[in-house]
Amino acid sequence: MASHRRPARVTVLTAAAATAAAAFGAVPASADPSGTPETTRATVDRLFEEAERATEGYNKADERADELRVTVSRAKDSVARGQERINRMRGALGSVAGAQYRSGGIDPALALLLSSDPDTYLDRASVLDRVAARQGVALGQLQHEQRRLHQERTEAGRLLVELERSRTQVARHKRTVERKLAEARRLLQSLTDEERADFEGRASRSDRGGLDAELPPLADLGPASSRAAAAVIAARSAIGKPYVWGATGPSAFDCSGLMVWSYRQAGISLPRTSAAQRYAGRQVPLSQAQPGDLVTYRGDASHVGIYAGGGQVIHAPYPGARVRYDPVGMMSHVTVTRV
């Protein structure tokens, strides 16, 4: 995505972004006659940054929608089981009530007077009293179950409304991402062949420079824990894979998706968004960064990478670029989180 160090990074970012034009496909557009290559680069840089923020919004809404789908399904199952319990309780109470009705419902005092065997009658009356007491308890339980079922149905209805709202947010963020990327493609297409070729050449040199960076060997990742080291090894294996917004691997990634996938290979579950990943562990000073630490950028933590040692991070930069190394200080508002 975009860098906040415009003079040093804009050319590199949009140079690699020129490669994205081919991946996205040509989009006919006319260049702004008042624009310059520098202003075009700055605008593309800004659009990629805004698209990344929208991508993280999409990821957050999509994650919430997934959670809600599971919760709604469980709520529906619970409601169905509750209705079955109520039906069984009603059936049992109905059987007792029917037996009482068929017995004639005669006044107990009169039944005792008319009985030819008062002792037997009193024994039966005692049993009936206990049945009636149990019937009263069962009726209370039935009423409690009915109230609980009503609450569960109300909660399931609320969850369905929230799920629909989250789906709407997913669609809105998706449209925003696609609009920003389409505008970036249009601007890239406005460049001359020479400018685009120059950008592509610079992007290629930048990627090679990142891959040739001096980094600790895989077997020597310093004080990093075994799981942190495993996450770094996983991220290194993703070098060269394309950035695709909303992707979590294994063949493509967005910035936070690469972190989710890398840590999953190490047996660690991370939140889906970079903003949540910033708080997924203990924050430490940049001077104390160790391989495997998460490194988030910008005030809103809309970009994230994994510290690989040697002053480098591995990250998925922006659409059209590939997973690569870059300096840890490439953007502003650096926060280091140890998971």
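Is Asn 59 buried or exposed, and what is its relative accessible area? Asn 59 is buried, at a relative accessible area of 2%, where buried means under 20% relative accessible area, exposed over 50% and partly exposed in between, with a 1.4 Å probe and protein chains only. The model is a predicted one, in which local features need pLDDT of at least 70 and side-chain atom pairs count only at pLDDT 80 or more, whereas totals for chains, interfaces and linings use all residues. Residues are numbered from 1 along each chain as its sequence is written, and side-chain values use heavy atoms, with hydrogens and water left out.

**Helix α2**

- Asn 59 lies in helix α2, which spans residues 37–102; helices (H or I, at least four residues) and strands (E, at least two) are DSSP runs numbered from the N terminus.
- The side chains of Asn 59 and Glu 56 are joined by a polar contact of 3.2 Å, a term for a pair of N or O atoms within 3.5 Å of which, within protein, one must be able to donate a hydrogen and the other to accept it, residues adjacent in sequence counting only if both atoms are side-chain atoms.
- Leaving out residues up to four places away in sequence, Asn 59 touches Gly 246, Asp 254, Ser 256, Arg 272 and Thr 273, contact being defined as heavy atoms within 4.5 Å.
- Ala 54 is also found in helix α2 and counts as buried at 6% relative accessibility.
- Although Ala 54 and Val 177 are 123 residues apart in sequence, their C-alpha atoms are 5.6 Å apart in space, and Ala 54 is in contact with His 173, Thr 176 and Val 177 when its neighbours within four places in sequence are set aside.

**Aromatic pairs**

- There are two aromatic pairs under the rule that rings of Phe, Tyr and Trp (its six-membered ring) pair if their centres lie within 6.5 Å, planes under 30 degrees apart counting as stacked, over 60 as edge-to-face and the rest as tilted.
- The rings of Tyr 58 and Trp 245 form an edge-to-face pair, because their centres are 4.9 Å apart and their planes stand at 80°.
- This pair links distant parts of the chain, with Tyr 58 in helix α2 and Trp 245, 187 residues away, in the loop between α6 (226–237) and α7; both residues are buried.

**Helix α7**

- Helix α7 (residues 255–265) is largely enclosed by the rest of the structure, because nine of its eleven residues are buried, among them Ser 256, Met 259 and Tyr 263.
- After α7 comes Gly 267, whose phi is positive, near 80°.

**Strand β6**

- Strand β6 (residues 335–338) is covered on both faces, with Thr 335 and Thr 337 buried on one side and Val 336 and Arg 338 buried on the other.
- Strand β1 (residues 282–284) runs antiparallel to β6 and is joined to it by three bridges, Val 284 standing opposite Val 336; two strands pair if DSSP finds at least two bridges between them.
- Strand β2 (residues 294–297) also pairs with β6 in the antiparallel sense over three bridges, and Thr 296 has Thr 335 as its bridge partner.

**Nonpolar cores**

- In the largest nonpolar core, of 41 residues, Ile 306 and Ile 314 touch the most other members, such a core being a set of buried Ala, Val, Leu, Ile, Met, Phe, Trp, Tyr and Cys residues joined through side-chain atoms within 4.5 Å.
- At least two residues of this core come from each of α2, α4 (118–189), α6, α7 and β3 (303–309), and α2 gives the most, with seven.
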